[in-house]
Protein chains: 2
Amino acid sequence: MILMTWKLDSDRPIYSQLVEEIRMQIVSGAYPPGSKLPSVRELASDAGVNPNTMQRAFTELERNGLIETRRTNGRFVTEDGTLIRSIRRELAGEQLTDFFHKMEQLGYQKQEVLSLITSVYEEESLQ
Amino acid sequence: MILMTWKLDSDRPIYSQLVEEIRMQIVSGAYPPGSKLPSVRELASDAGVNPNTMQRAFTELERNGLIETRRTNGRFVTEDGTLIRSIRRELAGEQLTDFFHKMEQLGYQKQEVLSLITSVYEEESLQ
DNA sequence: ACTACTGTACTAAGTAATTAATACAATAAT
DNA sequence: ATTATTGTATTAATTACTTAGTACAGTAGT
């Protein structure tokens with residue numbers, strides 16, 4: 001059982017946000033490979049959404065291959081650690097390119113972005 | 001007249017995306033302070049959306065103070081360059097914190113993030 | 001065998017976003 | 001004065017998302 005924050009906003013479809021949250025939990029290792037996920041009803045209750053909405057999120061998630069369904073037993077995270085790490089890298093790459101693209105749109109030169117980043121690292125001591 | 005890309009997806013309300021696009025155009029200087037914006041109908045036609053939707057986007061935008069409305073003459077970007085730069089910095093800060101937060105969620109240590117960033121800079125030559 | 005839990009499916013209702021089609025008052029341009 | 005353009009308002013219809021409620025078949029645990 002994992003205590004998840006489920007910070008959902010109303011600016012996007014809830015099922016999309018659920019997909020992203022759960023996928024994040026899997027690729028970050030919160031749900032290890034092969035582990036059993038809580039049931040649709042339990043997760044729905046936990047997130048405060050309708051079971052149908054959570055069901056829809058799982059349906060979307062299954063197409064990635066990140067989770068497998070055993071019909072009347074529950075859902076499980078894939079054992080394929082390589083796939084998980086691959087998707088993790090993919091998501092990180094998207095974050096990186098999106099970030100640089102937005103900063104470029106905002107008119108920030110790469111040098112400025114770099115100095116902003118280093119200033120962040122100076123505030124919080126490097127771990 | 002500005003040629004805008006209007007890359008809209010269906011995963012979020014269109015009016016929200018319009019708000020972000022136009023705000024980006026203003027703070028990045030594509031629409032200079034004091035300049036006149038195209039009419040609701042023209043921008044709506046340009047973006048391929050309903051005039052009502054564009055109208056809604058402008059209503060949202062006006063609360064930031066970035067644009068001013070002269071009742072039957074049109075809309076204009078504010079002359080307040082300080083406000084514009086302030087919002088630009090604010091948006092950049094959000095991008096930065098969101099990025100680091102997501103990478104942290106993905107389980108990336110700060111060191112890893114830093115090395116990813118520097119590798120990006122090595123690919124594209126610094127301008 | 002029985003019970004509880006599993007994923008799944010279905011219908012109905014409500015809400016928000018979007019489009020469409022008008023219409024109106026005020027002003028700039030002529 | 002007249003015309004065209006401006007922002008704005010209104011109503012109706014459509015679509016997508018969400019919730020609610022119910023139901024069914026299969027299986028693990030007892």
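What relative accessibility does A:R63 have, and is A:R63 buried or exposed? A:R63 counts as exposed, at 67% relative accessibility. Exposed means over 50% relative accessible area, buried means under 20%, and partly exposed lies in between, with a 1.4 Å probe and protein chains only.

## Basis of the model

This is a predicted model, in which local features need pLDDT of at least 70, side-chain atom pairs count only at pLDDT 80 or more, and totals for chains, interfaces and linings use all residues. Residues are numbered from 1 along each chain as its sequence is written, chains are lettered from A and ligands numbered from 1 in the order in which they are written, and side-chain values use heavy atoms, with hydrogens and water left out.

Accessible areas come from the Shrake-Rupley method with a 1.4 Å probe; for residues, only the protein chains shown count as cover. Helices (H or I, at least four residues) and strands (E, at least two) are DSSP runs, numbered from the N terminus.

## Salt bridges

Over all chains, the structure holds six salt bridges. The term requires a side-chain nitrogen of Lys or Arg within 4 Å of a carboxyl oxygen of Asp or Glu. Side chains of opposite charge can pair when their charged atoms come close.

One of the bridges joins A:R63 to A:E60, at 3.0 Å from N to O. A:R63 is exposed. A:E60 is partly exposed, at 26% relative accessibility. In chain B, B:R63 bridges to B:E60, with the closest N and O atoms 3.0 Å apart. B:R63 is exposed at 68% relative accessibility, and B:E60 is partly exposed at 26%. Another bridge links B:E20 and B:R12, again with 3.0 Å from N to O. B:E20 is partly exposed, with a relative accessible area of 29%. B:R12 is partly exposed too, with 22%.

## A negative patch on chain A

Which residues gather in a patch of negative charge on the surface? They are A:E62, A:E68, A:E79 and A:D80. Patches are made of residues with over 30% relative accessible area and no salt bridge; like charges are joined within 9 Å, and nonpolar side chains (Val, Leu, Ile, Met, Phe, Trp, Tyr) within 5 Å. Lys and Arg count as positive, Asp and Glu as negative, while His and the chain ends are not counted. The place of a charge is taken as NZ of Lys, CZ of Arg, CG of Asp or CD of Glu.

A:E62 sits in helix α3 (residues 51–62) of chain A. A:E62 is partly exposed, with a relative accessible area of 31%.

Helix α2 of chain A spans residues 40–47. Its buried residues include A:V40, A:L43, A:A44 and A:A47. Why do they share a side? They cover an arc of only 100° around the axis, which puts them on the same side of α2(A). The arc is that of the directions from the helix axis to the C-beta atoms. A:R41 and A:S45 are exposed on the other side of α2(A).

## Loop and strand positions

A:G65 lies in the loop between α3 and β1 (67–70) of chain A. A:G65 is partly exposed, with a relative accessible area of 27%. The C-alpha atoms of A:G65 and A:D80 are separated by 9.1 Å, and the two residues are 15 apart along the chain. In chain B, B:G65 is in the loop between α3 (51–62) and β1 (67–70). B:G65 counts as partly exposed, at 27% relative accessibility. B:G65 and B:D80 are 15 residues apart in sequence and 9.1 Å apart in space, C-alpha to C-alpha.

A:T69 belongs to strand β1 of chain A. A:T69 is partly exposed, at 38% relative accessibility. From A:T69 to A:L18, the C-alpha separation is 17 Å, across 51 residues in sequence.

## Segments before α1

A:W6 is in the segment before α1 (14–27) of chain A. A:W6 is buried, with a relative accessible area of 9%. Phi of A:W6 is near 50°, a positive value in a residue other than glycine. Most residues other than glycine have a negative phi.

B:M4 is in the segment before α1 (14–27) of chain B. B:M4 is buried, with a relative accessible area of 9%. B:M4 and B:Q95 are 91 residues apart along the chain, and their C-alpha atoms are separated by 22 Å.
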